[in-house]
Amino acid sequence: MYSLHRNTDDVLAIKTVNTMEAISGKHPKAKRAHAKGIRGKATFTPSPDASKWSRSTFFKPGSYEAEIRFSTSSPNPQASDLFAGIKGLAVKLGQDQKESHTLVCANAPVFVTSSAETFSKMMDSVEKLKEGKFTLSGIGKLAKEFPEAKNALQAVKGLKPSTLYEATTYYSIHVFYLLNEEGKRIPVKFEWNPTSELVETEAKEEEMGEDVLFQKLEQSVQHGKVSFELVAVIGTEEDSTIDPTVLWPETRERVVLGSLKVTSLEEDDQLLFDPNDLPSGVEASKDEILEFRTKVYRHSMEKRTAE
Ligand code: HEM
């Protein structure tokens, strides 16, 4: 059981969650980040060639049920749409099966640091600013203190809260390895690219502030129009597999592994989406932040389910 044995990383995870709470206030039962969300169900259909890249169950011919959650990064479950600059899409393929594949992605291609220790220090600095909210733009004020955050801050600056969830691209940020039947092990970054049929891709400025983004998403899902393509961006020997602050060159090969169609939406719940929950045929890289996320998310879950 996770809570019985705590090592240094667990202690850092606990400290990080405590600092996040100190910055944003406590919101009982809520996820400690991405607290405002909407759950749903989807169907994933792999591309005919997907099984050449990985021996994963989910890349073999067929179609697979998925649990999904759209979220905004605010730790406040009542956050307004105006906060929805950083959006998330979590997809768990194969709920209740022997194996599952969970992808927990956000709409920026890079992260602010490659070190868990530095992330914790960033949180400490944000807390000292006493802005009363946990935002990457808050960290922006600390750009001089943390130069490695430059790429992520640049990316976040370009995000618009008014962009619809169904019109957003979501990135794994971290690298994963695809292992195929021939023993090949290929580093990739995943992306969910929107293929939704949309009349508009943004909410009107004057509508923002209420739950208009989730309302529009619900309407689009009811019309059966929300879908995404799963793309694997193929890494080369030149590309870092452990540093989530680094953008890979745009010229990298891109392969469509499958498509995800959102079939229904429902009330938010307590389900944990763990980015290290992977099937045979997909492996995590040695990215320290990726490893750290599992410890933080489990601690967040322990707290919220005990409240
Ligand atoms: C040090 C790095 C990070 C920390 C400390 C952190 C913290 C958290 C916490 C506490 C949660 C709530 C977990 C739960 O209670 O279920 C969460 C959820 C989430 N995080 Fe992170 N996170 C980190 C990095 C990232 C990165 C790099 C991404 C994007 C690739 C990301 C995307 C998300 C998303 C989309 C959710 C919502 C998942 C859901 O719908 O349940 N996080 N994060």
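**Entry 1: the shell around the ligand**

Helices (H or I, at least four residues) and strands (E, at least two) are DSSP runs numbered from the N terminus. I note that this is a predicted model, in which local features need pLDDT of at least 70, side-chain atom pairs count only at pLDDT 80 or more, and totals for chains, interfaces and linings use all residues. Residues are numbered from 1 along each chain as its sequence is written.

I then asked which of the 28 residues around the ligand come nearest; they are K31, A33, H34, G88 and S300. The elements giving two or more residues to this shell are helix 1 (8-24), strand 2 (64-72), strand 3 (87-93), strand 4 (101-106), helix 3 (116-129) and helix 7. By class, I recorded 17 nonpolar, six polar and five charged residues in the shell. Here Ala, Val, Leu, Ile, Met, Phe, Trp, Tyr, Cys and Pro count as nonpolar, Asp, Glu, Lys and Arg as charged, and the others, Gly among them, as polar.

**Entry 2: helix 7**

I checked the length of helix 7: its 19 residues reach 28 Å from the first C-alpha to the last, close to the 27 Å expected at 1.5 Å a residue. The expected span is 1.5 Å times one less than the number of residues.

I listed the buried residues of helix 7 as E288, I289, L290, K295, V296, Y297, H299 and S300. A residue is buried if 20 or more other C-beta atoms, placed from the backbone, lie within 10 Å of its own, exposed if 12 or fewer, and partly exposed in between. The buried residues of helix 7 pack against helix 1, helix 3 and strand 10.

I followed V296 across the sequence: V296 and V17 are 279 residues apart in sequence, yet 6.8 Å apart in space, C-alpha to C-alpha. Not counting residues up to four places away in sequence, V296 touches A13, T16 and V17. Contact requires C-beta atoms, placed from the backbone, within 7 Å of each other.

**Entry 3: annotated residues**

I found Y297 listed by UniProt, in an unreviewed entry, for "binding site". Y297 counts as buried because 22 other C-beta atoms lie within 10 Å. Beyond four places in sequence, Y297 touches L272 and D274.

I found the UniProt annotation "active site", also from an unreviewed entry, on H34. Such annotations may be inferred rather than shown by experiment; feature names are shortened, and positions follow the numbering used here. H34 is in the loop between helix 1 and strand 1 (36-46). With 25 other C-beta atoms within 10 Å, H34 is buried. Its contacts, again beyond four places in sequence, are S71, T72, S73 and G88.

**Entry 4: strand 6**

I looked up the partners of strand 6; two strands pair if DSSP finds at least two bridges between them. Strand 7 (residues 185-194) pairs with strand 6 in the antiparallel sense over four bridges, and L178 stands opposite I186. Strand 10 (residues 282-284) also runs antiparallel to strand 6, joined by three bridges, with V282 as the bridge partner of L178. In the hairpin of strand 6 and strand 7, five residues lie between the strands, and G183 takes a positive phi near 85°.

Technical notes. Two residues are in contact if their C-beta atoms, placed from the backbone, lie within 7 Å. A residue is near a molecule or strand if its C-beta atom, placed from the backbone, lies within 6 Å of it.
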